[in-house]
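The sequence and the structure are shown first.

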Amino acid sequence: MPRRGSSAGKARWRRAVVVAFIGWTGGTIHAQEFDFPILLPKWDREISFQTGAGYRDNVGLSTQSPQASAFILTGLELILLRLPENGTQFHFFLSGQDLRFLSSSIVNKEQAVFAQALVKRDFGSGWEGSLGVEYVYQNQVVDVSITEPGLTTVPVEGHGIVLRPELRHDFAENFWVSLELSGRRQFFRLPLDDYWDYGRRLTLGKSYGSRSEVSFGYQIEERAYDLEELRTMTGESIPGTHRKSLHQEVRLIWKHYWDTQNHWRTMTKLTARRSEDNGMGYFDYTKLQAGEQILFHTKHWDISAEARVARYDYPVQTVPDLAKRQSSELAFDFRCERRLTGFLKVFAEYEREQVFSNLDLERYQVNTVKGGLNWTF
């Protein structure tokens, strides 16, 4: 973009603003300010490449004798937008990251991919429908002890696909309600089992101010495992059975912009979750979680800090001293990004996670620092 100091630069800048504005509304116009028609492209895209390095002090999420390693990271992001036309718009998002550890005998790499295709349709009179399809791939060390008793932190490789239809209605005075259905098929390498997952979520919300909103949602989710058997109250497998679980969750989310320029935003999340199996309750647990995120955004800076705390209680499972199993999780993330040019950014990030439990094998802590460059085209 030209410097805004010269009159010619100002004229070109005004034209760019008009084109950008029309880009969000779609169509072709003949602007009186110009002596030519402006034909807008129907598709817009953005591609980002990320390179950098970092250090993790507990690569395997180990309870004892953690192994540390430096790593090299590469990443890719793609955003593809179809401008609204006849009330229909299309979004596509792809994100992938690869970490290569330089001195770890436990894990030599971590990989994650997320892709989402979303079609939205405005039906008028406040009604809007959407259909989303998501794909997730992961190859990394994960703490699976919450839902997989007997397993703690293990290398997990798997992929899944999710279908999410949603219907939303906006009422007067900025109230809205949405109903989302979901269906997931998840595949894992051993020792984890594949499963089907079906869910429904009802959300009530209120929008106010400039892009701020508060919402309350209830979700119910059913999961059926392919091969895994149920267990007795003491943990023994029950031959000839198939494990199923029912998850219920309530969630309160508050997003608020604190200034008229929308530089500062906070997001508060409060969640309560209850999981029950279809047997004697060995897999049952209750989860309470609170999280807070602070974002600061300007033309040149993007800074975010996020903290969350979670508590897990198991009504049936016990630890060696016969007390009921309990665990807590604390996590913190801080990220700073500085734009150097129109296409180049530099970033730095710090992450910390710690798990407390009355079961010795579940306890661990891990710190990760990383930084690098981000090219956008």
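The text below treats the chain as a whole, then its strand pairing, its nonpolar cores and a surface patch.

This is a predicted model, in which local features need pLDDT of at least 70, side-chain atom pairs count only at pLDDT 80 or more, and totals for chains, interfaces and linings use all residues. Residues are numbered from 1 along each chain as its sequence is written, and side-chain values use heavy atoms, with hydrogens and water left out.

**The chain as a whole**

The chain contains 18 strands and 1 helix. Helices (H or I, at least four residues) and strands (E, at least two) are DSSP runs, numbered from the N terminus. Of the 377 residues in the chain, 36% are buried. Buried denotes under 20% relative accessible area, exposed over 50%, and partly exposed in between, with a 1.4 Å probe and protein chains only. The chain exposes about 21600 Å², and carbon and sulfur atoms supply 60% of that area. Accessible areas come from the Shrake-Rupley method with a 1.4 Å probe; for residues, only the protein chains shown count as cover. Among contacts (heavy atoms within 4.5 Å) between residues at least 6 apart in sequence, 52% join residues at least 24 apart.

**Strand pairing**

Two strands pair if DSSP finds at least two bridges between them.

| Strand pair | Bridges | Example of bridge partners |
|---|---|---|
| E3 (residues 43–56) and E18 (residues 364–376) | 9 bridges | Tyr55 and Val369 |
| E17 (residues 344–357) and E18 | 12 bridges | Ala348 and Gly371 |
| E15 (residues 301–318) and E16 (residues 324–339) | 14 bridges | Ala310 and Glu329 |
| E16 and E17 | 13 bridges | Leu330 and Gln354 |

In the hairpin of E16 and E17, 4 residues lie between the strands, while the hairpin of E17 and E18 has 6 residues between its strands.

**Nonpolar cores**

A nonpolar core is a set of buried Ala, Val, Leu, Ile, Met, Phe, Trp, Tyr and Cys residues joined through side-chain atoms within 4.5 Å. The largest nonpolar core has 12 residues, including Val59, Phe71, Phe101, Val141, Phe347 and Tyr364. Strands E4 (69–85), E5 (88–101), E17 and E18 each supply at least two residues of this core. Apart from this core lies another, of 7 residues, among them Val154, Phe188, Leu192 and Tyr195. Val141 touches Val59, Leu61 and Val107, and its contacts also include Val154, with residues up to four places away in sequence not counted.

**A surface patch**

Leu131, Val133, Tyr135, Ile161 and Leu163 form a nonpolar patch on the surface, with about 400 Å² of accessible area together. The elements that give two or more residues to the patch are strand E7 (127–143) and strand E8 (153–170). E7 provides the largest share, 3 residues. Patches consist of residues with over 30% relative accessible area and no salt bridge, where like charges are joined within 9 Å and nonpolar side chains (Val, Leu, Ile, Met, Phe, Trp, Tyr) within 5 Å. A salt bridge is a side-chain nitrogen of Lys or Arg within 4 Å of a carboxyl oxygen of Asp or Glu. Leu131 lies in strand E7, and Leu131 counts as partly exposed because its relative accessibility is 41%.
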